[in-house]
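These notebook entries record what I looked up in the structure shown here, beginning with a pocket.

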Amino acid sequence: APAGGNSVTVTFDTAVPYPDVRIAEYSGIDPINPVDVSVVGTGSGTTSNSGSVTTTNANDLLVAANYVTTGTTGAGSGYTARVITSLNGSILEDRVVTSTGSYSATAPLSSGSWIMQLVAFRGVSAP
């Protein structure tokens with residue numbers, strides 16, 4: 001889409017005291033069947049962890065995001081931090097993988113409760 005050609009509408013079914021919506025734009029995603037696999041983990045401590053997914057596509061973009069009660073101090077191993085929000089310190093991180101396998105997303109925290117989500121997006125197949 002051309003610059004400014006996309007729009008996003010977010011609607012919540014119930015009142016949300018602290019909505020946390022992140023919008024990231026990527027190219028090269030399969031337009032017909034974009035999601036390969038996804039997972040979400042919850043817990044508390046000094047590392048958020050999405051749990052594992054096993055990709056079925058050899059060319060996936062992994063995008064992970066956490067929501068924390070304290071602060072995220074950086075991206076997990078192999079990931080690039082795209083956004084660390086202020087004031088709450090949540091993160092959006094990503095990486096590209098070139099082979100099928102088991103993957104997870106982590107991020108170091110100050111401590112506290114967290115929710116970590118990971119989605120593997122299929123890349124566009126070569127013509």
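I looked up which strands line the largest pocket, and found that β4 (60-68) and β9 (113-122) each supply at least two residues. β4 gives the most, with six residues. Strands here are DSSP runs of E, at least two residues long, numbered from the N terminus. The model is predicted, so I noted that local features need pLDDT of at least 70 and side-chain atom pairs pLDDT 80 or more, whereas totals for chains, interfaces and linings use all residues. Residues are numbered from 1 along each chain as its sequence is written, and side-chain values use heavy atoms, without hydrogens and water.

I recorded 21 lining residues for the largest pocket, with R22, V63, A65, L92 and Q117 nearest its centre. A pocket is an open set of points on a 1 Å grid over the protein atoms alone, where a 1.4 Å probe fits, with protein on both sides within 12 Å along at least five of seven lines; lining residues have an atom within 4 Å of a point. The space in this pocket is about 550 Å³, a volume being the space filled by probe spheres set on the points. By class, I noted 16 nonpolar, two polar and three charged residues in the lining.

I then turned to S111, which is in the loop between β8 (106-108) and β9. Its phi is near 145 degrees, a positive value in a residue other than glycine. Most residues other than glycine have a negative phi.

How values were computed: Helices (H or I, at least four residues) and strands (E, at least two) are DSSP runs, numbered from the N terminus. Ala, Val, Leu, Ile, Met, Phe, Trp, Tyr, Cys and Pro count as nonpolar, Asp, Glu, Lys and Arg as charged, and the others, Gly among them, as polar.
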